[in-house]
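Please keep the sequence and the structure in view while reading.

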Amino acid sequence: MRTYLDKSMNYQQNSNNQNLLENFVKKTENDTGLASVICNCCNKELRVENGILKDECIHISHAFGYFSEKDGEIQCFDLCEECYNKMIAKFRVPVESGERTELL
């Protein structure tokens, strides 16, 4: 879960799923400053300094399609690196992995 300095963009305060995705896109375009990130799995608060996330995490945002039981629903969540590693360790087919040589 992410919160921003502009309280109108807090994911937790949005009841409309469409607004959730629109706010995420708007947040990307008009950065108002990241205030906090909490792992949705273990509830760990990740370190944010001056609007910059200082701990590694994975952010998932997915809009379910027509053939899904969640047709039209948008879900977003954050996982800390530890919870992500625990999750992928349970996969029957391992994740594809590579290495990036230039980090920006």
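## Salt bridges

E82 and K86 meet through their side chains in a salt bridge, with an N to O distance of 3.4 Å. Both residues belong to helix α2, which covers residues 81-89, and they are 4 residues apart, about one turn of the helix. E82 has a relative accessible area of 48%, so E82 is classed as partly exposed. The model under discussion is a predicted one.

The structure holds 4 salt bridges in total. The table lists three of them, including the pair already described.

| Salt bridge | Distance, N to O |
|---|---|
| E82 and K86 | 3.4 Å |
| R47 and D55 | 3.5 Å |
| D78 and R2 | 2.8 Å |

How accessible are R47 and D55? R47 has a relative accessibility of 42% and therefore counts as partly exposed. D55, at 23% relative accessibility, also counts as partly exposed.

The salt bridge between D78 and R2 has an N to O distance of 2.8 Å. This pair links distant parts of the chain: D78 is in strand β7 (residues 74-80) and R2 is in strand β1, 76 residues apart. Are D78 and R2 buried or exposed? Both D78 and R2 are buried. For R2, the relative accessibility is 13%, and R2 therefore counts as buried, as the category requires a value under 20%.

## Contacts around R2, H59 and D78

R2, H59 and D78 are joined by polar contacts between their side chains. The side chain of R2 contacts that of H59 at 3.4 Å, and the side chains of R2 and D78 are joined by a polar contact of 2.8 Å. Which contact links H59 to D78? The side chains of H59 and D78 are joined by a polar contact of 2.8 Å.

H59 itself is located in strand β6, which comprises residues 57-63. H59 and C39 are 20 residues apart in sequence, and their C-alpha atoms are 9.5 Å apart in space.

## The sheet of β1, β2 and β3

In general, the strands of a sheet pair through backbone hydrogen bonds, either parallel or antiparallel. Here, 3 strands form an open sheet with antiparallel pairing, in the order β1-β2-β3. The edge strands are β1 (2-4) and β3 (45-46), each of which pairs on one side only. R2, discussed above, lies in strand β1.

Strand β2 (residues 34-38) pairs with β3 in the antiparallel sense over 2 bridges. In this pairing, I38 stands opposite E45 in β3.

## Two asparagines with positive phi

Which loop contains N43? N43 is placed in the loop between β2 and β3. Its phi is positive, at about 70 degrees, although N43 is not a glycine. N43 has a relative accessible area of 59% and is exposed.

N50 also has a positive phi, near 50 degrees, and is likewise a residue other than glycine. N50 lies in the loop between β4 (48-49) and β5 (52-53). With a relative accessible area of 80%, N50 is exposed, because the value is over 50%.

Key. Residues are numbered from 1 along each chain as its sequence is written. Side-chain values use heavy atoms; hydrogens and water are left out. Two strands pair if DSSP finds at least two bridges between them. Buried means under 20% relative accessible area, exposed over 50%, partly exposed in between (1.4 Å probe, protein chains only). A polar contact is a pair of N or O atoms within 3.5 Å; within protein, one must be able to donate a hydrogen and the other to accept it, and residues adjacent in sequence count only if both atoms are side-chain atoms.
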